[in-house]
Amino acid sequence: MSDEGYSTDEDAHIGGDADPVMDPTLSVDVGSGLSSHDWADIDNSDLVAKVRGSAGFRIMREIQPWDGALDAPPALLANKVFEFFYVQRKEADMWKTLAKECFPEKYEEASNDKAEKKRLQSLWAQAVLDEVKAMRDYGKHTLRWITAVVEAQAPDHLFLRREALKHGPGSVEEKAAKIVWDQTSNRIKDQVFEAMHHWTNKGGAQSGGTARMYKHQHELLAELDKHYEANARAAENDTKPPLPLHVILSTPTGSGKTFTALMVHLRLLKVKHPNVILVYSVPTKQVLKRVGQECEAHAAPYWTAARDHSGDGTLHQVRRPYSIRDKARNRKAMRAKAAIGEKLSAGSGTIEQQLEYAADVGYKLKDRGAGKPDIIIADLNTTASLLKAAASAPEGSFYHKNNLLLYFDEPNMGIHLDPNVLGVVSTIQSNMPIAAVLASATLGPWEGLEQWWRGPVPARQITISLEPYDLPMSTLNVWSEEKSSLAPISPLGIFDNYVEFQRIMQDVRMPTLLLRHLTSRQGNDLMGIKGPGGDWDKIQGDVKSLRLAVEPIFKGLSYEDFTRLKKEWATGEGAPKKQDGIRSALSKEGVTMVGCIDPRKVAMILAGYLDREEWTKDVHKLNNKLKEAERMMKESAKAEKKAKKKDEEEEAQMGDDTEGQIGLITLRPMLKVSVAEALESDIDTLVMLSKGIAYACGSGTDPMVKRLYNQALLTVPDSLKGRAPPLNVLVVDYSSIYGTDCPAVDTLLLQEDLGRLLAWEDLQQFLGRLRRDGTAIFYSMRTLRRAALGPGAEAEADKEQIEYQREVEVAMLGFQDKERDEAAEAESLLKLAESKGRSASETGAFATTAVLSFCIPAPAGLPAGLASPHPAEVTGTDKELLAALGKHLKTNGELLEALLKKRSDQIKAIDKIEALALSASPFVNRTGGVRFLSAAAQTLKLLYDADVFSEEAVIAWGQAKEAAVKLDPDIDVRFLEKAKPFINWLEEESESEEESDEE
């Protein structure tokens with residue numbers, strides 16, 4: 001059959017095109033050139049002011065060393081505490097007991113020493129407190145502790161318990177905490193046992209104490225400091241430098257990765273290693289803007305670097321923000337601008353050209369940093385180009401690899417969904433500078449990663465972890481559209497049976513992650529706390545120690561306890577609840593984040609767009625409001641012009657721009673937009689916003705919606721005092737999940753169109769968007785199980801299949817680099833199948849995927865001594881991938897042809913190729929397999945040309961897949977969509993041949 005009518009599209013460059021290569025409705029946006037609207041978001045004075053007013057900004061200024069680096073915990077001002085207790089001894093027995101039990105020697109002295117007794121009698125409680133307050137920072141801790149003793153509410157008891165644990169048995173802190181507990185009502189005690197499960201049960205700044213580094217932050221700064229010191233000594237002594245340092249920073253989502261990166265700059269590089277530039281590689285443009293706002297707030301000299309999508313994808317844009325320019329304060333710099341002929345726009349160019357130009361102009365115009373940034377915030381594609389340029393740059397260059405620290409934020413985002421993203425990440429890993437930090441919630445330690453993650457150069461590779469014990473509580477729910485009900489799912493309700501529960505409990509991290517899904521009631525059931533009241537020893541001082549205590553109990557549940565609790569937790573508060581539509585299930589006080597494929601469409605539906613009658617009424621109301629605001633704005637403008645008629649210059653300045661400044665329209669409480677801005681938007685968007693709903697997607701978001709969305713991300717519920725946020729529903733696509741960091745999010749809703757496509761790592765990222773205790777709602781139990789159990793949700797049969805697939809691949813590797821005997825090899829594989837009780841067709845299918853796997857990096861754990869046809873890194877283009885596959889088919893094609901004689905065998909083989917390309921079972925951890933997704937049609941054609949697949953088999957597979965989609969619309973069709981051009985061509989050629997035969 002001729003193939004003249006079938007053509008292929010090869011990748012023009014490693015980053016792929018702006019248009020995603022998979023299902024066209026799924027966006028994996030890893031960044032693009034910054035528009036004027038994006039810059040307006042980054043240096044927006046209101047947004048930057050909100051960042052400066054945030055708790056994170058204040059903590060960065062005040063943060064102290066990690067607790068473990070301290071000699072002792074902060075001590076109380078014992079004399080003042082005793083005075084406060086003693087002067088109130090006659091007002092209540094508790095104060096007398098506190099004074100007598102906590103300070104027996106001082107109490108005895110006060111009783112026997114008349115002068116001391118007289119001094120104490122001249123004091124009163126408020127005077128003592130005023131003295132402590134006057135000591136400011138010195139008395140801050142004591143004041144906080146005394147206040148907790150006086151108030152004795154649930155958070156206070158938790159604070160007292162933490163202090164008692166820090167100072168140990170027999171301390172004043174422990175004695176006082178027990179005495180106060182004994183005087184507390186059962187109602188308050190019950191509140192304490194509930195509150196100890198909440199995310200707010202933490203020490204440090206969270207509970208009003210001193211902000212301190214986490215242990216992982218302390219370790220990271222120490223390792224980087226030691227590494228750069230060693231490199232400096234090697235350069236000074238002209239000796240061999242140490243190996244590059246590559247760190248996996250494995251911390252849960254919400255643990256402050258951006259905060260940690262800025263801490264590295266502010267607390268280490270800026271102070272001790274000022275020549276080192278922090279290259280912050282961001283997963284999405286939204287994150288780029290967020291990091292830019294943080295740099296603006298902290299006055300850090302930074303540049304942005306993003307790929308220019310207007311060309312062929314090889315050009316980039318490096319920009320200097322206005323905040324680092326010194327034009328307003330330096331007239332010489334203004335004259336220099338004219339002298340050097342600074343361009344109106346720096347345009348686009350290679351990364352080397354853009355970096356050199358920005359440095360040259362920055363130096364001549366006297367930018368802060370003198371033409372060298374402290375931080376470069378780069379998108380994924382530009383990071384790859386920058387690191388390749390750094391690897392070959394001359395040693396004197398400011399961006400030489402020895403002068404860079406890579407901070408790679410969420411490096412595994414999208415690699416399961418987009419083969420081009422995988423290729424770019426592989427390029428970054430191959431060109432890492434002398435120090436690199438891979439910050440990820442789901443990457444895991446180096447030992448468990450595929451070889452291509454490690455890069456081609458030997459390095460000291462370490463993992464620094466923060467165990468996910470103090471994540472916010474996240475109750476799980478399944479939404480039933482048919483029943484309009486919300487069904488809570490307990491951590492035990494996730495499991496099909498006790499055998500599955502036991503298997504998951506053997507996993508290294510899954511049991512720990514499941515603890516966050518326990519409610520207070522469920523946690524107390526496990527700990528044997530049955531109100532009213534309870535013993536003081538049962539209180540856990542923070543949520544981390546609580547979960548550490550609960551974990552062994554949870555993992556060790558017997559069959560009887562598992563069965564009993566699973567049944568109990570599905571009743572009462574765990575029973576399904578009827579809802580008046582999905583809107584009634586959303587957050588009432590915080591912000592709900594909705595994940596889907598088409599954010600605008602879903603946002604409009606949630607806003608009530610489908611109820612056309614009510615929607616039309618809302619449109620009329622808003623139009624009338626707009627007209628009235630426009631009329632008042634014009635009248636106000638006329639009045640101002642009349643008042644300033646004599647001053648022509650001022651009158652001229654009151655032109656058309658004035659209207660946008662004067663006229664404001666209130667869409668809903670605390671949500672105002674300018675009339676000019678509203679008139680530029682469409683009326684449906686305004687109605688949607690008036691319902692408190694906004695959306696964000698990779699591209700095409702209305703500028704006004706984007707601005708309001710960015711403001712919503714900085715909403716802090718505590719500042720609203722019980723009122724609903726102005727925007728309380730944020731609808732996002734896949735890429736925007738990674739860029740949405742909003743402290744007010746307390747409800748998550750994941751629609752199935754997106755949920756079914758996400759890998760476990762992505763689902764964990766989605767759950768990590770909860771920044772406080774809240775609820776996660778799924779549309780199917782299947783997706784909920786994958787989110788909570790990850791790869792462990794696969795059945796035992798799948799594990800056996802994975803093991804057999806590996807055995808076939810090892811056997812295929814054993815055939816390589818030897819004199820070939822296809823008949824003997826086929827017989828060997830069939831004997832393997834017989835010994836394992838597997839079918840011949842499955843064996844042939846896995847032999848086919850093994851040949852495809854030779855084109856991607858080798859999986860971890862292969863036996864030593866085998867041939868190694870695998871490349872070191874993921875191929876960058878389809879052309880390279882297909883060339884490698886063609887080469888391997890020349891040596892393995894006859895064997896595959898012998899194994900796949902039947903059409904049904906060939907169809908099963910295509911099924912396994914699809915699973916490899918989708919990173920589905922049994923190839924869940926073979927991330928490189930997704931590289932075949934964009935080349936699906938060309939891959940099938942190569943196998944067809946090599947006579948491995950027949951025309952009939954490929955067509956039959958396509959027809960069977962189409963039929964399956966009709967029965968189940970939720971089936972993943974990305975591979976089918978990519979393979980369709982080739983399948984359609986085969987069908988057309990087949991029909992053409994049939995017509996020729998008839999003639």
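**Exercise 1.** Where is the place of Asn412, in terms of strand S6 and helix H19?

*Solution.* The model is predicted. Strand S6 covers 404–409 and helix H19 covers 419–430; Asn412 sits in the loop between them.

**Exercise 2.** Decide whether Asn412 counts as buried or exposed.

*Solution.* Step 1: the relative accessibility of Asn412 is 4%. Step 2: the cut-off for buried is under 20%. Step 3: Asn412 therefore counts as buried.

**Exercise 3.** Identify what Asn412 is in contact with, leaving aside neighbours within four places in sequence.

*Solution.* Step 1: the contacts of Asn412 are Ser440, Thr442, Leu443, Trp453 and Glu761. Step 2: with Ser440 there is also a side-chain polar contact of 3.4 Å. Step 3: for Ala439, the C-alpha atom lies 9.7 Å from that of Asn412, at a sequence separation of 27 residues.

**Exercise 4.** Classify the packing of helices H30 and H31 from their axes.

*Solution.* Step 1: H30 spans residues 683–690 and H31 spans residues 703–713; their axes come within 11 Å and cross at roughly 15 degrees. Step 2: angles under 35 degrees count as roughly parallel, so H30 is roughly parallel to H31. Step 3: the crossing of the two helices is left-handed. Step 4: Thr685, Leu686, Met688 and Leu689 of H30 meet Met704, Val705 and Leu708 of H31.

**Exercise 5.** Describe the protein chain as a whole.

*Solution.* Step 1: the chain holds 43 helices and 18 strands. Step 2: of its 999 residues, 56% are buried. Step 3: among contacts with a separation of 6 or more, 78% join residues 24 or more positions apart. Step 4: the accessible surface is about 43900 Å², with 49% belonging to carbon and sulfur atoms.

Technical notes
Residues numbered from 1 in each chain as written. Predicted model: local features only at pLDDT ≥ 70, side-chain atom pairs only at ≥ 80, totals over all residues. Heavy atoms only, no water. Helix = DSSP H or I, 4+ residues; strand = E, 2+ residues; numbered from the N terminus. Buried < 20%, exposed > 50% of the residue type's maximum accessible area, 1.4 Å probe, protein only. Contact = heavy atoms within 4.5 Å. Polar contact = N/O pair within 3.5 Å; in protein donor to acceptor, adjacent residues only side chain to side chain. Areas by Shrake-Rupley, 256 points an atom, 1.4 Å probe, with all protein chains shown as cover. Axes fitted to C-alpha atoms, helices over the stretch in contact; angles between N-to-C directions. Parallel < 35°, antiparallel > 145°, perpendicular 65-115°, else oblique. Left-handed = near helix turned anticlockwise from the far one by under 90°.
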